[in-house]
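The sequence and structure are shown below.

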Amino acid sequence: MRIRTLPAAVATAALFGSLLLAVSPAVADTSVPIGVGDVRDTVVDGAHQHLYMSTGDGIAVVDNSGKVVTTLTGLPQVSDLQLSADGSTLYAAVTGADKIVAFDTATLSQTGTYPTGAGTAPRHIALTQGRIWFGYGDQWDSGLGEVDLTADPATVRLDLAGDHDFASTPMLYADPANPDTLVALDGGISSGPIVVYDIASGTPVIRVTADEGGFYGDAALTQGGQSILVVGQGRRSVEEYRLSDLAKVHDYPLNNQAETVTVAPDGTIAATSLDTDDTGDTFVFPGGADAPASVRNLSSSWMPWGGHTTTWSADGSKLFVLTGSSGSMQFQTVNEPRKYVTKLAVNAPATATRAKTLTVKGTLTTGLKPPAGTPLNVVRTDLLSPAGKALATTKLAANGTFSFTDVPPSGGSVRYTVTYPGDATHTPASASDTVAVSRATPALTLTNNKKTYDYGKKVTFTAHLGTTYSNRTVEIWADPYGADKPNKLLKTGKVDAHGNLSAVVTMSRDTAVKAVYKGDSRYAPRTVQSKAYAHVKIASSLSKYYKTGKIGSTSYRYFHKNTDAILTTTMTYYRGRKERLDLQVYSDGRWYTTDSEYFALGTNGKCVVNLGHAGTAGIRARVRAVYVDPSSGDGVNTTTTGSWQYFYFSN
């Protein structure tokens, strides 16, 4: 047996803990990783707030939070663990060393070693009347032995199985409350005998035996030691057998193959199932076999098998469960295991009309339904009540459903939260659903869309907001073209009596200007945009000419026929920007394009180009610089054409 009868003082604490459980607020369950694997047995030490776990070749000493405090090493194939009735000594069956060892639970130092004989390989132990009973051997060579601690020195006896020939190492259980009884499970054979021994004389005598299906994975005695609970392969329930005649008295149903079982000081039974379908792995039976179980799903993986990995805290207020597999185990703490887990589902319509009635429905599911009429709290959260507004409670129907109606005063996202506060037997639960409630679309405009401006022009953009309910604030944002300029808030404020709000933009680039209204409880948010365009600034000049003169009404720069004309252009700079130069020559009364070519700007925006010379007198030409969106290498400004520069080659 894994849980021992507690001393009177501790038992009293457990009783008061159970009373407090009914009135204390819900405490969340916890799950932490724990560095153990292949746990064969778990024993709780309430006095020192420790759990002892046999794993591999050592005993992990774990605190109640799941932290491994230390490990007792040098124990090859350590298996069963047992605490003495007073909690001062921990006994361990060390299968790989043919011995049973004892540790002081206060100091964790080894205080005794009891060799059981070469090749005995003790695996299972039970304590009663100053004796350590141990199951040893393997398959048909298994047997029942005893270490008599009342003798000085302690003595060891083997071959005490009496008339039963064990097919596997017997699993042993005893309870000081029933000191003359020892129970042995022959779990490695399909017939699976349960053998009840009378040990009053010191030598086991079979009192009753029965074949009950075998292949036991775990077992526990009920409080007082009058019945045994067994789980294991092929069983989808915890089966309870009365020790006096081995009649089955109860089945505690599970959803899948039963893996572990443990009994609290007040008699509450808990068990785990393999849970291959991930529908629930931990079952607590606070109302006994005839009441539904409180079911929790602590892990999405299959539960561990082949070891005692579930146990109650010493006072019975918490349940400790190991989940996962070796190397990735989790230490789970169920803080209110006797309470039935409740879950709420809330279903509100996806959309609704403001100021019109809508209906919200839902379901509360739990292993034990609260009575019809149980109140559920309802809170509506919306733009008018961002902190939430309590509505009238709704009542739970007998089948666990509920519904209520509401007239949402606000549009937008409206959340309905339903809360079940819980009670002495149920955990609290809360759930919510959100409705998109309609709002009117406000009128919102912004001036200057698709207009083009000279570089550097200061332009006023005016937003106009129509009718709204409570919010009259508008934001005006300017987002210049180009990744190097951020979107910038120009102005935010309430519109004037005419519904207008204005902001000034200096047009150095094409700019997306936005007016943003964030809405209120009756009018939806809205954003409108104007795209305004800006020219670049272009200035060009010729050099190396010897005079200026007019041909007709046009002013020309005069060059000698063998002098190169030099053109210097200054243009608004942007990374990677190029100018296009268009060169034309006048002939027969018309201008003809002779060249059109792109030239990169320097980082100062300047570009100096040698246009060459005519070599012949009487040649009239002109040149201009152009920014072309996007052929000039970027698209942050709108296409801009510079003025023509006229020049003439003479002798």
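## An antiparallel sheet

Leucine 221 stands opposite isoleucine 228 in E19. Strands here are DSSP runs of at least two residues (E), helices being runs of at least four (H or I), numbered from the N terminus. E18 pairs with strand E19 (residues 227-232) in the antiparallel sense over 5 bridges; two strands count as paired if DSSP finds at least two bridges between them. Strands of a sheet pair through backbone hydrogen bonds, either parallel or antiparallel.

The open sheet consists of 4 strands in the order E18-E19-E20-E21, with antiparallel pairing. Strand E18 (216-221) and strand E21 (248-253) stand at the edges, and because each has a single partner strand, one side of each lacks a neighbour in the sheet. From one strand to the next, the twist averages 20°, where axes are lines fitted to C-alpha atoms (for helices, over the stretch in contact) and angles run from 0 to 180 degrees between N-to-C directions.

## Basis of the model

The model is predicted: local features need pLDDT of at least 70 and side-chain atom pairs count only at pLDDT 80 or more, whereas totals for chains, interfaces and linings use all residues. Residues are numbered from 1 along each chain as its sequence is written, and side-chain values use heavy atoms, leaving out hydrogens and water.

## Salt bridges

A salt bridge is a side-chain nitrogen of Lys or Arg within 4 Å of a carboxyl oxygen of Asp or Glu; by this rule the count is 18. In one of them, arginine 131 joins aspartate 148, with the closest N and O atoms 3.8 Å apart. Arginine 131 belongs to strand E11 (residues 131-136) and aspartate 148 to strand E12 (residues 143-148), 17 residues apart. Arginine 131 counts as buried because its relative accessibility is 18%, the classes being buried under 20% relative accessible area, exposed over 50% and partly exposed in between (1.4 Å probe, protein chains only). Aspartate 148 is likewise buried, at 11%. A network of salt bridges links Arg131, Glu146, Asp148 and Arg157.

Aspartate 634 and arginine 577 meet in a salt bridge of 3.0 Å, N to O. Aspartate 634 lies in the loop between strands E52 (619-627) and E53 (640-641), and arginine 577 in the loop between strands E48 (565-571) and E49 (578-587), so the pair ties together parts 57 residues apart in sequence. Both aspartate 634 and arginine 577 are buried.

## A buried aspartate

Aspartate 41 is located in strand E2 (residues 39-45) and is buried, at 0% relative accessibility. A polar atom of the aspartate 41 side chain lies 2.9 Å from the backbone nitrogen of leucine 81.

Methods
Polar contact = N/O pair within 3.5 Å; in protein donor to acceptor, adjacent residues only side chain to side chain.
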